[in-house]
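Here is a brief report on selected local features. Please read it alongside the sequence and the coordinates.

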Amino acid sequence: MQTRREMLAHSATVVGLLGAAGMLPAAAQAAWNEAAFSAKTLADVVKAMGGGAPAESKDVTVTGPDIAENGAVVPVGASSSAAGVKRLMLLVEKNPNALAASFDLTDKVEANVTTRVKMGQSSNVYAVAMMGDGKVMYAVKEIKVTLGGCGG
Amino acid sequence: MKIDKKLAGLACAAGAAVLLAGCATGPSANLDAEFKAMLQNSFSARGIAKMDRLDQDLGQAACSSAKQPPEAVLKQIEGEALASIKWPTGGQYFGDWTRADKLAQSGVGMAWNNPTTDPKTNGGQCYNCHQIDKKEISFGTIGPSLYNYGKLRGVKDVTDPKVAPIIQYTWGKLYNSKAYAGCSNMPRFGHAKILDEEQMRDLMSLLLDPRSPVNQ
Amino acid sequence: MKHPITLTALAALALTGATAAWAQKTASDGIAEYRELLADGNPAELFEVKGEELWKKARGPKNASLEKCDLGKGPGVVKGAWAELPRYFADTGRVQDLESRLLTCMETLQGFKAAEIAKLDFGKGEMANVTALSTWISGQSKGFGFNLPQNHALERKMYALGEKAFFYRGGPMDFSCASCHGEEGKRIRLQDLPVLYKNPGDGLGMAAWPAYRVSNGQMWGMQQRLSDCYRLQRFPNPDFASDVTIALQTYMGVNQKGAKIITPALKR
Amino acid sequence: MADPMRIRAQVAGDKATVRVLMSHEMETGQRKDSSGKAIPAWFIQEVTVAHNGAPVMTAQWGPSVSKNPFMQCAIKGAKAGDKVTVSWTDNKGDKRTDEATVS
């Protein structure tokens, strides 16, 4: 069993390796990207992440239900069939801050990630793929958030 | 029947001496007494929800089993409920449907964690059980759909004397639903002081005003 | 990569209008799809892990584990125990549900004060541990059918008292358990309501609790489920592990004989 | 200290599907407590996935990822018996690392 200190050391090594191998885009090597996580729109998020103008593309897929029974947990996913995707992002247009999660990929993982996000209300959800050359593609889907339970 | 007696017999055998008197009066009376004692021992007053909420009136007691009460009892409940209805002050049945959606959506109110029983802080609970505005897809089905409620009943002008009966019935149903169905599942919003007159007027407009989204 | 099927579908949408296509999918289909997407990866698993640890770990004033706790099938037998609870326990002379039985074991084996724990709010201190323990223990009955014993007179009496409680109307809204759980095919908002005076089917009703609630991110045991039902019935608060909560579980559990347990489940 | 993660890594063809559940409040910073005081933001900011010790993905998260987060990804070329390590760091500096074996 690992001790806590060993775990921390290990974790630091992992991040160090990522940086040294040059596998991370510039933004991720810095601390958490506060500008991107405070941006309100798709365009501003992408800009803060250092990407070019986003274009809708069939090569990106956003997954999620049409209706969410509860906005606190909405399963969403981003994937891309294009080669050389460096980063996948998930955005909720109508949340106070649009960006929910950003995944920096290496060629050792598939360009296909899933997580669960909070949605304050019905909204468009974007899956965004950033390529090595800064090209940005996205797909969008509307997810309806319903009220449920007795609400007492 | 046979099972009931056997059960009660064993319950008496297992029960404490104080219950023996109950056993003598018959199995169901004994179980009733044990049940009442269990409620008192199991619940505690918390916040606005005091122990008197366990006390039943005639209707609550009569409608507390899988079977409907006898016709005569139902008639008595309905009669008393009808007599309890307070008709709106000055005959003013209508308010503002634009304020009513919030009321219809909200399921808040009267629970132990709510700070007060003031109706102004309560919701109408409507969507929990009814379809109302077609745009709201998240609606319950314990009660009937109220979509097009006024339209289906031919209400084109709420001041038309011909529609007065449906207006009065709707007010009465909101105020004390048991006037029209003794064991109705619907709360008695006026009678139990869950909503006040102004809130009920707004809901009347939501249901009956030809301009309300409900009647589009 | 080309997507000929998607393109055809898009063309069709353009012709018929997107709204018409959407309308074919009902709200309940949408909710079913949502639940399907969440089925894999229930955060309740986090509580199961915690519960198993708590069961095996020496804790409390007596620094003992719960591994000798008798949940009704003999000391230490966890597998299938949840499917037969509540039941009569000779050592306490009471019919007990899982959570009240855990309190008994925590007191007798570990030296905790059961009455003190019972007074805590859900999610707080040792109460959160009781919930984690019941999450893991109930999970050890996954796939079992409910099979509550009714041999002891007190078990049968609890059933009869539970039936009365189920139909008992009161409070400012005149609600009983049966107001929401007494008719087939009903729902509140978009949530289907199981009919609980009979067997609602596999994985429904009691067979789905303890459950992780996505709406508030909390793990709820059966005691908290019933407590919140009574809150929404606008009743006073049922004490933790009180007889009314055990009577109701006996009534529902006996009625649901054979229903397959899917705990810990995922709920709205 | 944070509770352990639940990591499942299963071979599916020429890759392994990794599913992770983490125990975390993921507080948005936008909610108020019962006395009206704002509850401060508390959320996982960075997640790293490594395969046999070599990092394969790093994620940055905001507070709108759900409470008790779930994440799924797929590692190419991972085989049964391989190790998958997941680490997270939250905005208070708390960390957690757990490991699972691919099955």
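Which residue of β6(A) stands opposite R87(A)? D104(A) does.

## Basis

This is a predicted model, in which local features need pLDDT of at least 70 and side-chain atom pairs count only at pLDDT 80 or more, while totals for chains, interfaces and linings use all residues. Residues are numbered from 1 along each chain as its sequence is written, chains are lettered from A and ligands numbered from 1 in the order in which they are written, and side-chain values use heavy atoms, with hydrogens and water left out.

## Strand β5 of chain A

Strand β5(A) covers residues 85-92. Helices (H or I, at least four residues) and strands (E, at least two) are DSSP runs, numbered from the N terminus. Seven of the eight residues of β5(A) are buried (under 20% relative accessible area; exposed is over 50%, partly exposed in between; 1.4 Å probe, protein chains only).

β5(A) pairs with two strands; pairing requires at least two DSSP bridges. With β8(A), residues 123-131, β5(A) runs antiparallel over seven bridges. Here V85(A) stands opposite M131(A). With β6(A), residues 99-105, the sense is again antiparallel, over five bridges. β5(A) and β6(A) form a hairpin, with six residues between them.

## Helix packing in chain C

Helices α5(C) (98-108) and α7(C) (125-139) pack at about 120°, their axes 10 Å apart. Axes are lines fitted to C-alpha atoms, for helices over the stretch in contact, and angles run from 0 to 180 degrees between N-to-C directions. The crossing is right-handed (near helix turned clockwise from the far one by less than a right angle; left-handed if anticlockwise).

α5(C) contributes L98(C), E99(C), L102(C), L103(C) and M106(C) to the contact. α7(C) contributes E126(C), V130(C), L133(C), S134(C) and I137(C). Contact means heavy atoms within 4.5 Å. Seven of these residues are nonpolar, one is polar and two are charged.

## Backbone exceptions

Most residues other than glycine have a negative phi, and most peptide bonds are trans. Chain C has a cis bond between L85(C) and P86(C), with omega about 0°. P86(C) lies in the loop between α4(C) and β1(C). Another cis bond joins W209(C) and P210(C), again with omega about 0°. P210(C) is in the loop between β4(C) and β5(C).

Q125(B) has a positive phi, near 65°. Q125(B) sits in the loop between α6(B) and α7(B), and is buried at 9% relative accessible area. M26(D) has a positive phi near 50°. M26(D) lies between β2(D) and β3(D), in a loop, and is buried at 1%.

Methods
Nonpolar A, V, L, I, M, F, W, Y, C, P; charged D, E, K, R; others polar.
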